[in-house]
Amino acid sequence: MTDIIERFTDSDAKTETGERSLDTGELTPYVAPLPVPTVLRPASDDVLRETEIALRPTWVRLHPQLPPTLMWGYDGQVPGPTIEVRRGQRVRIAWTNRIPKDGEYPVTSVEVPLRTDGRPQSSTEPGRDGVEPNKDVAALPAWSVTHLHGAQTGGGNDGWADNAVGFGDAQLSEYPNDHQSVQWWYHDHA
Ligand SMILES: [Cu+2]
């Protein structure tokens, strides 16, 4: 179950982590229902009216046996809402960055040394193997850019990885949707 935890404080997170993650072995499969995202249907009569989808930090339980994980969720949801349109229905989405400037960066980057003693590389194992996180990555501002994977779009709407959108700013993207029926996914490209 993708169970969104609201207003999860830092101390709560540490307690959860301490209680649950350390003694977690194999995860039990098929215990959580499939999460079904909410559906957005942008108005079809006015392409100029944008639909705003805001990226916000949120704590998500990815499995009942795992502690909550900090993620950036579209409209605070993981997965984000499904945008449902008809063929040829052009829409504009305002992907807005609502991640606080001083918010925690939900990515931990480490450089783990290669093992030469014959054991499997530690990159196949959970955890950091005692290595400190990369401070340069941790200090990055929480910028975002959203890419609609597979869509045919104008270059300015595509969500190139370098098109950084900072706190409070919006990435305005237009999608012509002039193609056969398909299911695509959007994701942060930062
Ligand atoms: Cu992609």
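Reading from the N terminus, the elements go β-α-β-β-β-β-β-α-β-β-β, giving 2 helices and 9 strands. Helices (H or I, at least four residues) and strands (E, at least two) are DSSP runs, numbered from the N terminus. Keep in mind that this is a predicted model: local features need pLDDT of at least 70, side-chain atom pairs count only at pLDDT 80 or more, and totals for chains, interfaces and linings use all residues. Residue numbers start from 1 along each chain as its sequence is written.

Now for the contacts. Two residues are in contact if their C-beta atoms, placed from the backbone, lie within 7 Å. Among contacts with a separation of 6 or more, 72% come from residues 24 or more positions apart. As for burial, 16% of the 190 residues count as buried. Here buried takes 20 or more other C-beta atoms within 10 Å of a residue's own, exposed takes 12 or fewer, and partly exposed is in between, with C-beta atoms placed from the backbone.

Next, the core. A nonpolar core is a set of buried Ala, Val, Leu, Ile, Met, Phe, Trp, Tyr and Cys residues joined through C-beta atoms within 7 Å. The largest one here has 12 residues, including Ile53, Leu55, Trp72, Tyr74, Val91, Ile93 and Trp95. Strands E3 (51-61), E4 (69-74) and E6 (91-97) each supply at least two of its residues, and E6 gives the most, with 3 residues. In soluble globular proteins, nonpolar side chains tend to be buried together. Leu55, a core member, is in contact with Trp72, Tyr74, Trp95 and Ile99, among others, leaving aside neighbours within four places in sequence.

E6 is mostly covered, with 5 of its 7 residues buried. Its pairings are set out below; two strands pair if DSSP finds at least two bridges between them.

| Strands | Bridges | Direction |
|---|---|---|
| E3 and E6 | 5 bridges | parallel |
| E6 and E8 (residues 170-175) | 6 bridges | antiparallel |

Trp95 shows up in both pairings: Ile53 stands opposite Trp95 in E6, while in E8 the bridge partner of Trp95 is Gln171.

Finally, a look at helix H2 (residues 135-138), where Val137 sits. Val137 counts as exposed because it has 12 other C-beta atoms within 10 Å. Not counting residues up to four places away in sequence, Val137 touches Val107 and Ser109. Val107 is 30 residues from Val137 in sequence, and the two are 8.1 Å apart in space, C-alpha to C-alpha.
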